Amino acid sequence: MDHNVGADEPMNTVVDFKLQDKQRCDFGLENLIPMVTHKTRIRHVSKIRRVVKNLTRNKEVNYFDEGNSVPGCWPSEDVLAYYCLSHVDIFRSKKVIELGSGYGLAGLVIAAVTDALEVVISDGNPQVVDYIQRNINANSGAFGGTLVKSMILHWDQREISDNSNSFDVIVASDCTFFKEFHKGLAQTVKFLLKSEGPSEAIFFSPKRGNSLDRFLVEIKEIGLHFSITEIYDTQIWKRHQGFLNGNNAWPNYEKDHCYPLLVRIAL
């Protein structure tokens, strides 16, 4: 989309978010994310284009070494980025951290368009965090007054003591995949959320069998509260229904593994 965008012209999120890389998730997410219309100020378009154009990705990083899943962006990450772009008021003047961020698409979007006070983009893989920092450096001109930092963060309270009760908003996508990390992830959410004033974690994750349910058991057991929203965007939901009804644009589409639910967690 190289032409100039007029004031009343919708932005195609897929074109602007698309990572020009064969290694990007091949689930056909471009068919799930809808057009962004009046919800998004047109002034954000050039910023998002710049972020994606400058997104550095390393094909050689072995995610399995640090307990991550696979290289590239998963559908939940793209949906999280779209959701943040559509709900910028959530982040205004807030301290935000993204957990298990991979290359940091959602965190970069938050930093570029939401007027957040601070955005920390974290992952447990040092190689990935190195590339997160490169992406931050490459996109620094898009962040305005927002402070943006990378962080190596394993889901272990001993490593995050300096950041306890520091964040207004936590975001994460598809971080409930590995059940062995559920307890540490739940404890990390509780440890990072600001205890004074309103704070919340916003997760996007498919159910993946009983994986999400088991994570939410851990959330409940440590005294946190959560809600699950299945229909959080009408256009995404319509496209999801189309895939379930045989739309061939997304081969092998399966709700349990492909459609991310919105989970909001609070103290």
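**A buried alanine and its surroundings**

Modeller: Leaving aside residues up to four places away in sequence, alanine 186 touches Phe215, Glu218, Ile219, Ile222 and Leu224, where contact means heavy atoms within 4.5 Å. Please keep in mind that this is a predicted model, in which local features need pLDDT of at least 70 and side-chain atom pairs count only at pLDDT 80 or more, while totals for chains, interfaces and linings use all residues. Numbering starts from 1 along each chain as its sequence is written, and side-chain values use heavy atoms, with hydrogens and water left out.

Alanine 186 sits in helix α6, residues 182-192. Helices (H or I, at least four residues) and strands (E, at least two) are DSSP runs, numbered from the N terminus. With a relative accessible area of 1%, alanine 186 is buried; the term means under 20% relative accessible area, with exposed over 50% and partly exposed in between (1.4 Å probe, protein chains only). Threonine 176 is ten residues away from alanine 186 along the chain, and their C-alpha atoms are 9.7 Å apart.

The loop between β6 and α6 holds aspartate 174. Its phi is positive, about 55°, although aspartate 174 is not a glycine. Aspartate 174 counts as buried because its relative accessibility is 10%. Asparagine 252, in the loop between α8 (234-244) and α9 (255-258), also is a residue other than glycine with a positive phi, near 60°. Asparagine 252, however, counts as exposed, at 75% relative accessibility.

Now for the sheet. Seven strands form an open sheet with mixed pairing, in the order β5-β4-β3-β6-β7-β9-β8; two strands pair if DSSP finds at least two bridges between them. The edges are β5 (147-152) and β8 (225-229), each with a single partner strand, so one side of each has no neighbour in the sheet. From one strand to the next, the twist averages 20°. Within the sheet, β3 and β4 are joined in the parallel sense over four bridges, and isoleucine 97 has valine 120 in β4 as its bridge partner. Four of the five residues of β3 are buried, so this strand is largely enclosed by the rest of the structure. Strand β6 (residues 169-173) pairs with strand β7 (residues 200-205), again in the parallel sense, over five bridges. There, valine 171 has isoleucine 202 of β7 as its bridge partner.

Helix α4 packs on the sheet, where it touches β3 (95-99), β4 (118-123), β5 and β6, and its direction makes about 175° with that of β4. Axes are lines fitted to C-alpha atoms, for helices over the stretch in contact, and angles run from 0 to 180 degrees between N-to-C directions. Helix α7 (residues 211-221) lies across β7, β8 and β9 (261-266), running at about 10° to β9.

Helix α4 (residues 105-113) also packs with helix α3 (residues 75-86), at an angle of about 15° and with axes 8 Å apart. The two are therefore roughly parallel, a label for angles under 35 degrees, with over 145 being roughly antiparallel, 65 to 115 roughly perpendicular and the rest oblique. On the α3 side, the meeting residues are Glu77, Asp78, Leu80, Ala81, Cys84 and Leu85; α4 brings Leu105, Ala106, Val109, Ile110 and Val113.
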